[in-house]
Structure formats: C-alpha cells, structure tokens
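Please read the following report with the sequence and the 3D view side by side, and look up each residue as it is named.

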Amino acid sequence: MIVLRPHHLLCTFAYRGKGYSPAFVANFDHYLAQLHEPGAEITLQQTNDVFCQACPQQASATHCQTEQHIQTLDSAVLATFGLETGLVYRYQDVQDHLLATMTPEKFRHCCQTCSWYEFGICEPIWCSQSQQATPVKS
Ligand code: SF4
Ligand code: SF4
C-alpha cells in the first residue's frame, strides 16, 4: 500500500524524469516503479507522502513548505475526480478514471497554480489522452 497526496496522481503520470533534486528524482523513480506493478494499491491522504519524503521542499514529515497551496491542489483533484481520502484504490484504476474523464478545463483547474505548470510539460501529456470511461474501484 502506497500513500499518495491526491495531486500526485497527476504528477506521476506526467513525470518525465525531472524533479527538485537528484535525490528527489531517484526516490520518485523508485516509488513510481512500485506504482506500476500490477495491482498496486494506494490510499490518498492530504499530508506528505512517499514522494515528499525526499523533497527539499518538505518542511516536516507531514507538511510541505507551501502546505496551504498544496492543500488546494490536493482538494481540487479530489473534488474534480470524485475521489476520497482513506479508501483503498488500485493505482491503475484511478489513472484510467482520470484519463477517461480529464479535460483541459479540469487540468487547468487542478494544476494552473503549480510551479511546474508554466513549463508546459504536464498538460499536453494529460490532455492528449483519450480512453473509455472506467469505474473507480475501492
Ligand atoms: S502541473 Fe504540477 S501538479 Fe500538475 S501534474 Fe504537473 S507537476 Fe503535478
Ligand atoms: S513540493 Fe511539497 S508537496 Fe510537492 S513533493 Fe515537495 S514536499 Fe511534497
């Protein structure tokens, strides 16, 4: 079971090997490989997660240096895609659900205040995808 901040559901799909530091990237690669294992399960929480633990912007075990802003990203992803904290999901089921229901408007609503948004990497990756809708299992 891997604990994730909700907005990291978007980051993990858009990730292309760039991050805050070499240690952050190495840690990201490690846990992303675990998420991609068949049947990998996750639970969502609005506190620091496995990716935050190697981030230079982590303020404490539970908080980001910009925690208030990060909370808005997490809350937007939960509300936009009908997800809940504390439930057990299969990572791939959630990714399929996000891919099937993503729109440019939804992406911008969730991500446009992120510092990485302006680089223009993530939006084309998310918004060029098109799949049949699949239900989210818990
Ligand atoms: S714009 Fe930011 S929050 Fe959105 S997927 Fe990219 S890195 Fe993650
Ligand atoms: S910037 Fe904050 S929320 Fe993002 S990975 Fe780093 S500690 Fe976590």
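Thr-12 is in contact with Phe-28, Leu-32, Leu-35, Phe-51, Tyr-91 and Gln-95, when its neighbours within four places in sequence are left aside. This residue lies in helix H1, and it counts as buried because its relative accessibility is 3%, where buried means under 20%. The C-alpha atom of Thr-12 is separated by 10.0 Å from that of Cys-122, although the two residues are 110 places apart along the chain.

All of this describes a predicted model, and so a word on confidence is in order. The chain has an average pLDDT of 93, and 93% of its residues score at least 70. Over residues 130-135, however, the pLDDT falls below 50, and in the model this stretch has eight contacts beyond near neighbours in sequence. Where pLDDT is low, the predicted coordinates should not be read in detail.

**The nonpolar core**

Which residues touch the most other members of the largest nonpolar core? They are Leu-4, Leu-9, Ile-42 and Leu-83, and the core as a whole holds 33 residues. Two or more residues come from each of strand S1 (2-4), strand S2 (41-44) and the helices H1 (8-14), H2 (22-35), H3 (67-81), H4 (91-101), H5 (104-111) and H6 (122-127). Helix H2 gives the most, with six residues. In soluble globular proteins, nonpolar side chains tend to be buried together.

**The largest pocket**

The largest pocket contains about 680 Å³ of space. It is lined by 35 residues, and those that lie nearest its centre are His-7, Cys-11, Tyr-20, Cys-114 and Trp-116. Helices H1, H2, H3, H5 and H6 each give two or more residues to this lining. By residue type, the lining of the largest pocket divides into 23 nonpolar, nine polar and three charged residues.

**Three further residues**

Val-25 lies in helix H2 and counts as buried, because its relative accessibility of 17% is under the 20% limit. Not counting residues up to four places away in sequence, Val-25 touches Tyr-15, Gly-17, Lys-18 and Gly-19.

| Pair | Apart in sequence | C-alpha to C-alpha |
|---|---|---|
| Thr-12 and Cys-122 | 110 residues | 10.0 Å |
| Val-25 and Tyr-15 | 10 residues | 9.8 Å |
| His-69 and Cys-114 | 45 residues | 8.6 Å |
| Gln-92 and Glu-41 | 51 residues | 8.5 Å |

Methods: Residues numbered from 1 in each chain as written. Chains lettered and ligands numbered in written order. Predicted model: local features only at pLDDT ≥ 70, side-chain atom pairs only at ≥ 80, totals over all residues. Heavy atoms only, no water. pLDDT = per-residue confidence, 0-100. Contact = heavy atoms within 4.5 Å. Core = buried A, V, L, I, M, F, W, Y, C linked by side-chain atoms within 4.5 Å. Buried < 20%, exposed > 50% of the residue type's maximum accessible area, 1.4 Å probe, protein only. Helix = DSSP H or I, 4+ residues; strand = E, 2+ residues; numbered from the N terminus. 1 Å grid on protein atoms, 1.4 Å probe; cavity = no way out; pocket = protein on both sides within 12 Å on 5 of 7 lines; lining within 4 Å. Points joined across faces, edges and corners; volume = space filled by probe spheres on them. Nonpolar A, V, L, I, M, F, W, Y, C, P; charged D, E, K, R; others polar.
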